[in-house]
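Take this structure one piece at a time.

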Amino acid sequence: MNKAEYKDMWVYIEHDGTEIRKVSLELLCEARKLCDAAGEKLAAVLVGELPESEVQKILECGAEKLIRVSGAGLERFSVDAYTELFTQLCRKYKPSAVLVGGTIDGRDFAPRFACRLPTGCTSDATQLVYDPKTGDIEFIEPAVGGKMMAVITVPFVRPQVGTIRPGTFKYVPGGARGCETIEERFDFPIEKIRTRALSFRADEYDESLNIADAEVIVCVGNGLKGADALPRYRELAVLLGGKLGCTRPVFDRGVLPYKLVIGQSGVVVKPKLYLAFGVSGAVNHVTGITDSDTIVAVNRDPEAAIFGYCTYGIVGDMDEVCDAMIAQLKARA
Amino acid sequence: MAHYKKLTPALAEELRAIVGEGRFQLGEAVREEYSHDEMPIYGRRLPEAVCLVESTEEVSAILKRCYEADVPVTVRGAGTGLVGGCVPIAGGVVVSTMRMNRILSYDMKNLVVHTQPGVRLCDLAADALAHGLMYPPDPGEKTATVGGNVSTNAGGMRAVKYGVTRDYVLAMTVVLPDGTVMKLGKTVCKTSSGYSLLHLMIGSEGTLGVITELTLKLVPKPRMDVSLILPFRDIATAIASVPAIKLANLDPQSIEFMERDIVDSSAAFTGNAVFPTVVDGKEAGAYILVTLVGDSESELEGKMDRLGEVAEQTGAYDTLVVWTDGLKKDVWSARSAFLTVIEAETKLLDEMDVVVPVDRIAEFLVYTHDEAVEQGVYVRSFGHAGDGNLHIYCCSNDLEEDEFKRRVKKLMDACYAKCTEFEGQVSGEHSIGHAKKEYLRESVGDTAYGLMGAIKKVFDPKGLLNPGKVCHDAEGGAADA
Amino acid sequence: MLNILVCVKQVPDVNLVKIDPVTGSLIRKGVPAILNPLDANALEAAVRVKERVGGTVTVITMGPDQAEEALRECLAAGADRAVLLSDRAFANADTLATSYVIVTAARLLGEFDLIFCGKESLDGATGQMASQLAERFDASQLSSVLSLPEIDEEDKTVTAERELAGGVETAQALMPCLMTVEKANYRPRIPNLKSWKASRRAEILRYNSATIPGLDPAQIGDPGSPTKVPRTYPPEKGAGGEMIRTGSAAKDVEALLGRIADKL
């Protein structure tokens, strides 16, 4: 395979017909930097209808090509149709990379079309670096439960496919650059779609479970003694006008729901104030909090890695410090 | 409390100089955790100062100065006790051994380890395993210190095969109340050489001296082990299987029992329902958990077959095999979490750690449950079926504290009397502290209790070391023999 | 009678894995190898489906000889037969090469109606295997299945609940269908003595690169893996912030609240 034949980096635009998923915009902004480093063009792949105001957002991120796909069988997402669509598009246009949001749908179809092409696929990178010597993208990610960082490349084939978790990169549009629109017609026979949704039962909306945009977060880690110790952290979160979150092991212990897990395998947060109680600071958690303005860490162990990332650190019993904080905040009010 | 003196500013400065600024807490700076252990129902008291010691020399210097000044000293490890043993009920100074947390050396020829007392049990156990050895005592509370384990003669799950902490202490360095440093015991496994001061020190709950170094016996780690879960209809049938299991010549490492209530609570709390509740279409009411060890899979399989036969004969619903590392971890961490679970779901809590003859376990539990119903509290129980050591927790979430204490006292008075009637012991491994003194006295009788008090006086004539514990009365009353 | 396949992996217990501070490489010595926990959930789902509607459960893995233990664990927990694909030539495979070997070998055993996988492995955690296995089996795909699926053998359909971002979807797929299982509302069973003993004696079907007919050497192991890991390194330690040490919790908190006053 001649890698030089493969040009342009693609971002799959995931949307619900009215709004683009933020992860797709985040990927456009990050891919824009890669394209600048590589001297390649940034292309967005949009399937189906979307209001013009939303399309404008794609352009504002600096996309230079917009591949608009329409056709039968694409009205709803299906792994069968989208796998075939991306296989055909990649064969026709030969992009050097395809980035897909690490959503449930994205994680279902991206590895599958990579397999059909075939090419290499990576998931959950937390950094993307263009290497000018090789012309490859380095997908860098925490591995083995965050104990080490692995650099993954796809050195011999193209495109380089990657799924990336929402919130990993920042959505900071750098401005439109002039964009060429390419209309693409693709029909997928409906009878070849092998899955269908029969019904959907929405979870009862619980605002406390929506922590991605919270301005203050009180996070409890594996130092948590048990479920009985939780009320004080909830109380502290309320006093600070914030929300409660946790690390992966706390979820694994069954103490808090998955939606409150912060980190690589959970939610990425960017609060103004982040208070970590009994959090050890494994890198797969830390990757989810690095954009916090101020990080306060409380841990019994003075050697805990979290103190390496914090703005302020207190060595001590998490419950005791939390109680003192509650008492003093109440005294101020 | 006639002769106890307050800490003077001058003495405080001396103590500060001994350990250094960062390891000394005085007055308001004393952290709240030093006022209690894990059973705060027996009362809290903050010490006047805390010294985080790092060496025998520091302990000696502190004890000497406090002895001269008539200031009480209470030594403390991780504070995971359940009888108020490390609570400084007469005030004074707390000496924490938590920073004496180094494992000093292994003697691989004599199979011993030299360690400081503040090493956590889980750390010692893991480190020994990394050396291919096993430290057999295995109390449920893995974050306790080995110093604390020795002070309480802790037992644990493997006692049925290996014995208790006492059986693994070969030697120690101890500081007497006046600051004298003494070495007790030798790195040999036999002695017939006078009164054993070493064994007097073991289980003395910090009332006779402060342990600052330990030499502990290790054993080669068993090549293979397997745990088996035997679900039964109820606790009586479960316990009834224990003598048969012991007679089957399996040399089990542990035989634990647990009632369904605590298993359900644990599943709800940890989200990890590892023990099956419905077996073969039948609801399990109690479980026996057995661990077998062996040199080879075929040896183990032979033992498992025999256990399977016993299980069938004694009415177990099935014999479930916990073979993989992952499952062992799940099962045993669920077992080890029982106390945490009870603490988490209970507002008011008290406990008994009695030992009764194995054939009376079920009878004792039934009696306790009936008495608890009478008193309007509920109980959770689990423990070591193989040696008759029961952990019975009295709980309430709706009584006022005073009312709870009044009712639990009635319950315990009855239960400890029953225990004495059954020729049992007040405590198997949690000790006496200040919580169980009266029950100890009733159980052993005035003569034995008086002898204990006399021994205390020989070591600690001023009664300064961990006052008011085991057989000592900090108020100087009649019990101060 | 359904023909059910469960794809499993033996993994190091990553919670116990340490990193050599000098070389940055994994220290696997002494770390127990376990059946990937989510794969155990997948197996339990498969066995429960079998118990309800009838069929056989085959469990397959690619790995070193020791992976036999993980397969025996599956046999004890209800699988009917186990297949081990082991060969030095399979080493260093990424998901593309691994899925190729597994599916090529599985085709020797017949056509499968249902394929179950754990959502991701504890160690690699790419979560890509299932999609690529589905692709190579030419199967439909239902990810994040929460409940035990309902099977309609006449219509050749599978109906199951899937956990999506904002709720639970009930979805139907045509067989053959590959399902991934994450958190399940059931727990893998603990085998009893009888099934454990049978699992210790059971014969494991073994294949290597020479005994899988038609296996393309260019598609296996390192040569067949388009993704490479040119280097690994220990995560950077942060530079660290200001440590507040006054000696008491109350004063520590007082000092802290003063410093973060503008955020409150």
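Predicted model: local features only at pLDDT ≥ 70, side-chain atom pairs only at ≥ 80, totals over all residues.

Look at domain 3 and domain 4 of chain B. Domain 3 of chain B puts 18 residues into the contact, and domain 4 of chain B puts in twelve. On the domain 3 side, at least two residues each come from helix H7 (235–247), strand S13 (254–259) and helix H8 (260–270) of chain B. H7(B) gives the most, with seven residues. What is the make-up of the side of domain 3 of chain B that touches domain 4 of chain B, in nonpolar, polar and charged residues? Twelve are nonpolar, two are polar and four are charged.

Now go to strand S20 of chain B, residues 389–396. This strand is mostly covered, with eight of its eight residues buried. The residues point in two directions. B:Asn389, B:His391, B:Tyr393 and B:Cys395 point one way from S20(B). B:Leu390, B:Ile392, B:Cys394 and B:Ser396 point the other way. All of these are buried.

Which strands pair with S20(B)? One is strand S18 of chain B, residues 348–352, which runs antiparallel to S20(B) over five bridges. In that pairing, B:Met352 has B:Ile392 as its bridge partner in S20(B). Another is strand S19 of chain B, residues 378–384, joined to S20(B) by seven bridges and also antiparallel. S19(B) and S20(B) form a hairpin with four residues between the strands. In this hairpin, B:Gly388 takes a positive phi near 75°.

Next, turn to chains A and C. Their contact takes 62 residues from chain A and 65 residues from chain C. Several elements of chain C give two or more residues to the side that touches chain A. Among them are the helices H3 (95–106), H4 (129–137) and H6 (249–259) of chain C. Strands of chain C take part too, including S9 (140–145), S12 (167–174) and S15 (228–233). The residues on this side of chain C divide into 29 nonpolar, 22 polar and 14 charged.

Strand S8 of chain A, residues 148–153, pairs with S15(C) in the antiparallel sense over four bridges. Find A:Met149 there: C:Tyr233 in S15(C) stands opposite.

Methods
Residues numbered from 1 in each chain as written. Chains lettered and ligands numbered in written order. Contact = placed C-beta atoms within 7 Å. Nonpolar A, V, L, I, M, F, W, Y, C, P; charged D, E, K, R; others polar. Pairing = 2+ DSSP bridges. Buried ≥ 20, exposed ≤ 12 C-beta atoms within 10 Å, placed from the backbone.
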